[in-house]
Amino acid sequence: MEEGTVLRWLKSVGDEVKRGDELVEIETDKANMTYEATDEGTLIEILAEEGATLPIGEPIARIGDSSEASGDGRPAKKEPAEQKAEPEPQPERKAQTTVERPAPAPSGNGRVKASPVARRMARDLNVQLESIQGSGPGGRIVKADVEAAAGGETRAPAGRPAQRAPSAAPEPTTAKGEAQVIELTRLQSTVARRMAESKATVPHFYLSMGIDMSEAVALRARFKEIAAEDQPVPTFNDMIVKACARALREFPRANGSYRDGHVEVYSRVNVGVAVAAQDALVVPTIFDADRKSLGEIATEARALAQKVRDGKITPPELSGGTFTVSNLGMFGISNFSAVINPPQAALLAVGALEPKPVADRTTRRVVVRDMMGVNLACDHRILYGADGARFLGRVRDLLQQPLALAL
């Protein structure tokens, strides 16, 4: 995380704040999170309004004594004990004074300072940022400034009447009809960028295999029989996570990353589990999955998935993954090829578990077994074909003899 966008303030200037109170919702590259107060006092000033994007470490508000707060979001001004009279301005000097509209504040690279939301709105509404006076911190142009300009009025300093903004000509309708523009969230933009980088820079190759899950089906039925009422029953995906974690410990290169011409192999096995959120694919992490029991993985995976659905997942819970499992079996997908989550070495794509006719090698007869298709995406800079095949074969063996996962 390098910067964040202020989504919504949960406290107002003048509100009392206690340590642990929720102050503001922040949108990061990975998730929306609620920032909690670390100090007690009164919220005396909001420095970053909703829609503003700031780098890490930039102040967004001030908490202090209630006597410092004012109603306009700025610190209260302390009046001096004795105030000297202001001299009357000279008439000729007053006649020469004009109200000049200040130029929009440029950033360090010469560009006009504006939040990403304001830039997108200005582009869509055909509003020139250079013509807008920003009302945000440091003269930054924010969403409200663009809305005011697009609505026909540009914000002007006191003493100058508001000006009408030129109306934008409607775009012609093409053969495709009118286009609805859907802006990506910060999370969606990050996912799009990372996946494009992955396919462009990581040399993928894929290995497919069918796994006989009949013993796993029987074991899960047994788990259901003996589990307590409030005890989560491990799902097939929990078994897959555990099997991958065990195999990663035995094949450490699959638990590594390619960086700057060398391979890094990690001591911890942290398996990410892809979860479909409301507007993006989110991958929370089960840390040290190789050291956790099947029951612990089941409990943790359920809690993380619920946090994703509730929008309460935090950046630390989305970080540190060394391998990813993505399961689309619940949607009836039998097999698919996934994109590696960089800088990880591999990703296991899991298809539906379905009864299928297969040949029994012992009896030489056709029998119906519970089969599941899997597809391993590998980074060829780290794993070669034989490496990936051995790793995937170990995952298959563990799932076909699942009692070993419960030990």
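Trainee: Two strands pair if DSSP finds at least two bridges between them. Which residue in β17 stands opposite L207?

Mentor: L376 does. The strands β8 and β17 pair in the antiparallel sense, over 9 bridges. Before we go on, this is a predicted model: local features need pLDDT of at least 70, side-chain atom pairs count only at pLDDT 80 or more, and totals for chains, interfaces and linings use all residues. Residues are numbered from 1 along each chain as its sequence is written, and side-chain values use heavy atoms, leaving out hydrogens and water.

Trainee: What sheet are β8 and β17 part of?

Mentor: An open sheet of 6 strands. Its order is β8-β17-β16-β15-β11-β14, and the pairing is mixed. β8 and β14 (285–286) are the edge strands, each pairing on one side only.

Trainee: How many helices and strands does the chain have?

Mentor: 8 helices and 17 strands. Both are DSSP runs, numbered from the N terminus: helices are H or I, at least four residues, and strands are E, at least two.

Trainee: What about the sheet with β2 in it?

Mentor: That open sheet has 3 strands, in the order β2-β5-β7, with antiparallel pairing. β2 (16–17) and β7 (61–64) stand at the edges with a single partner strand each, so one side of each has no neighbour in the sheet. β2 is joined to β5 (residues 41–46) by 2 bridges. One of the residues involved is V17, whose bridge partner in β5 is G41.

Trainee: And β9 with β10, how do they run?

Mentor: Antiparallel, with 4 bridges joining β9 (residues 256–259) to β10 (residues 262–265). S257 stands opposite E264 in β10. The hairpin has 2 residues between the strands, and D260 takes a positive phi near 50 degrees there.

Trainee: Which of its residues are buried?

Mentor: S214, A216, L219, R220 and F223. Buried means under 20% relative accessible area, with a 1.4 Å probe and protein chains only. The buried residues of α5 pack against β8 (204–212), α6 (236–250), α7 (294–310), β17 (365–379) and α8 (385–400).

Trainee: How much of the whole chain counts as buried?

Mentor: 37% of the 407 residues.

Trainee: You mentioned α7. Is A298 in there buried or exposed?

Mentor: A298 sits in helix α7. A298 is buried, with a relative accessible area of 0%. Leaving aside neighbours within four places in sequence, A298 is in contact (heavy atoms within 4.5 Å) with P234 and D238. N237 is 61 residues away along the chain, yet the C-alpha atoms of A298 and N237 are separated by 8.8 Å.

Trainee: What does F323 touch, beyond its neighbours within four places in sequence?

Mentor: Quite a list, including C244, L248, V271, L348, L376 and F391.

Trainee: What share of contacts in the chain are between residues 24 or more positions apart?

Mentor: 58% of those with a separation of 6 or more.

Trainee: Last one. Which residues of α3 are buried?

Mentor: D145, V146 and A149, in a helix that covers residues 143–150.

Technical notes:
Buried means under 20% relative accessible area, exposed over 50%, partly exposed in between (1.4 Å probe, protein chains only).
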